[in-house]
Amino acid sequence: MNDRELQEKHFRFLAAKYQVNKIEDISAHKFLYLILRKADLGIQVSDLELNYLAKNNLFTTVDIIQLQQYAKNDITRLNSEFLQLRVKYRIPETIDIPIHSSIYWVLVKLDCGNTLEDSELELLNSQGFAETVSLVQEIRYFAQLKNKYKATHHLDRFPESSLYPILKKVEAKEQLNDSEAEWLLEASLEETLEIYWQQEEQRKAELEFLELKSKYQVSDYPDYSISSPLFSILKKLDENEDLSNSECEWLEQEKLHGLVTIDQQRKDRKSFAQLKEKYKATQYSDSEPSSHLYTILRNLELNQLKVSNLSRDLQILLDNPQFKISEQDINWLIKEELHETAEIAQKLHFKYLKNKYQIIDPRLPINPFYEIMLKLEREERLDPKQVVQLIEENQLSRSGKIAIAHYRLEAIFYEKEYKRTGNRWNLPSASSNWRKANESDKALKVTDQINWTKVRESALKSALLVTRGAAFRDLRRLDEAEDCATQAIESQPESHQPYTLMGAICYDRSEYSDGDEWFEMAAERGAVDTDDEIERIVRMTKDKDKRREVAEYLLKKDPDRYAWASSYLK
């Protein structure tokens, strides 16, 4: 076989190997033959040559050659990757590890996030890679902590992560600083933070339990768990609350006699019988002073005393809540079918609540005011429509204690709603009600922690800024109030509320003509109560000279429209 025939055969062999289709004789494809020979000999095929193949639609040939050339340099890449793994997992540079070593298999497995088997960890130990083993153990411990404290969606696995020392502090029940707690929030690890807060609450409760045991001289009692009945009993004692029969029995069983006033029980037995006779409760069979009825009847008697005839110390003692009749007492009497006693107790309770809420009108009807005050005592929300109606009918003072207590409960409700739902629209309502409850500092606090860059809804942002500005105004921080009003206008220029706020601020500064312009702009945007707002400004002004100045200005401006202002000149 001559050279030409061998070349032809070699060409066809290479063409088959590199999947070249539709070939003719070698003379027609000398350039192709050259490329295939270079590729087969491991000589780098140039980009020009690869482009030639592509132009002739030999894409499969191009892929084969490129893969072949890529594989030629793969050992270099493999060495580079292994070197990076050595650095990452703290394998000393001075130690020579052959490329076929199982050590690299272990490192790759570790880098993929897989858990090492004991035999693989032992291999690292046997080679003296102490730092690597220590790192692996820390990574494993970090993963356990993330799983335990619900932080698994945090992807960083290495101990250098900011999360790792935080979780170790949580595990050790150590207190986090503000920056660490803030970091958890920013990393969206709310569940982790919630676990920490629960843990912190338990730690505080345990400390409180120890302090109460020391205070009440029962430190020798062996139970230190906050679930112990003793803890709840000591808290009730410390808050001057009455203990139940079951709690007294438990104290006797645990031989904690120092907490039980046995002597007082003997002295009270005779008094109990007299009180049952006086307050129409003789059908009640229990004659022991430990009975709840005795507590109720004793409190009824104390509340019948004339305050003017009492010493100051006894007056202070009787002001203690534990000596007052409660709704629970009345319900207990009804349950025990002591209806006449319950009626007496209800009248005294109503009298006590009227005094507490500073209602001096002796003609005040028991309905609906008794139920209203009962709800306030339970810290239950009132019907806002009912409150507004009673105020409009002049049956309830807008600034009286009932209204203030109502606004306070409303504020607390909306704050809780915000914490429960995350709906920021609850914040303006909470802030507004704190202001009505005369607690503008709390109204301001509601909006203190808002990240304004994340409030994108213009109406919400405007509402938040207006209520924050109003709180600043209540606190006489007028420059800050004005800044809030300006931002609110920029956020929602068609809302009348920030213009009304700006008008009020101007009135506070005695800039009445400017204030009028702002009130007019508010009216143009739908405000229908600007006169009411002006009247409220005058009414809430504590400085008599300032109040007179505003009233005189309004009467001079329009004596008919602002006729009500004349009452502030007296």
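Visitor: Where is Asn299 found?

Guide: Helices here are DSSP runs of H or I, at least four residues, numbered from the N terminus. Asn299 is found in helix α15. This is a predicted model: local features need pLDDT of at least 70, side-chain atom pairs count only at pLDDT 80 or more, and totals for chains, interfaces and linings use all residues. Residues are numbered from 1 along each chain as its sequence is written, and side-chain values use heavy atoms, with hydrogens and water left out.

Visitor: Is Asn299 buried or exposed?

Guide: Buried means under 20% relative accessible area, exposed over 50%, and partly exposed in between (1.4 Å probe, protein chains only). Asn299 has a relative accessible area of 2%, so it is buried.

Visitor: Which residues is Asn299 in contact with, leaving aside its neighbours within four places in sequence?

Guide: Contact means heavy atoms within 4.5 Å. With those neighbours set aside, Asn299 is in contact with Gln322, Phe323, Lys324 and Ile325.

Visitor: Which residues of helix α17 are buried?

Guide: Helix α17 covers residues 327-335. Its buried residues are Glu327, Asp329, Ile330, Trp332 and Leu333. They pack against α15 (292-304), α18 (339-356) and α19 (366-377). Just after α17, Glu337 takes a positive phi of about 65°.

Visitor: Where does Lys173 lie, and what is its phi?

Guide: Lys173 lies in the loop between α9 (163-171) and α10 (178-186). Its phi is near 60°, a positive value in a residue other than glycine. Lys173 counts as exposed because its relative accessibility is 54%.

Visitor: And where does Ser188 lie?

Guide: Ser188 sits in the loop between α10 and α11 (190-215). It is not a glycine, yet its phi is positive, about 60°. At 40% relative accessibility, Ser188 counts as partly exposed.

Visitor: At what angle do the axes of α1 and α2 cross?

Guide: Axes are lines fitted to C-alpha atoms, for helices over the stretch in contact, and angles run from 0 to 180 degrees between N-to-C directions. Helix α1 (residues 3-17) and helix α2 (residues 30-40) have axes that come within 10 Å and cross at roughly 70°. That makes α1 roughly perpendicular to α2 (65 to 115 degrees).

Visitor: Which residues make the contact?

Guide: From α1 come Gln7, His10, Phe11, Leu14, Ala15 and Lys17. From α2 come Leu32, Tyr33, Leu36, Arg37 and Asp40. The residues of this contact divide into six nonpolar, two polar and three charged. Ala, Val, Leu, Ile, Met, Phe, Trp, Tyr, Cys and Pro count as nonpolar, Asp, Glu, Lys and Arg as charged, and the others, Gly among them, as polar.

Terms used:
Helix = DSSP H or I, 4+ residues; strand = E, 2+ residues; numbered from the N terminus. Parallel < 35°, antiparallel > 145°, perpendicular 65-115°, else oblique.
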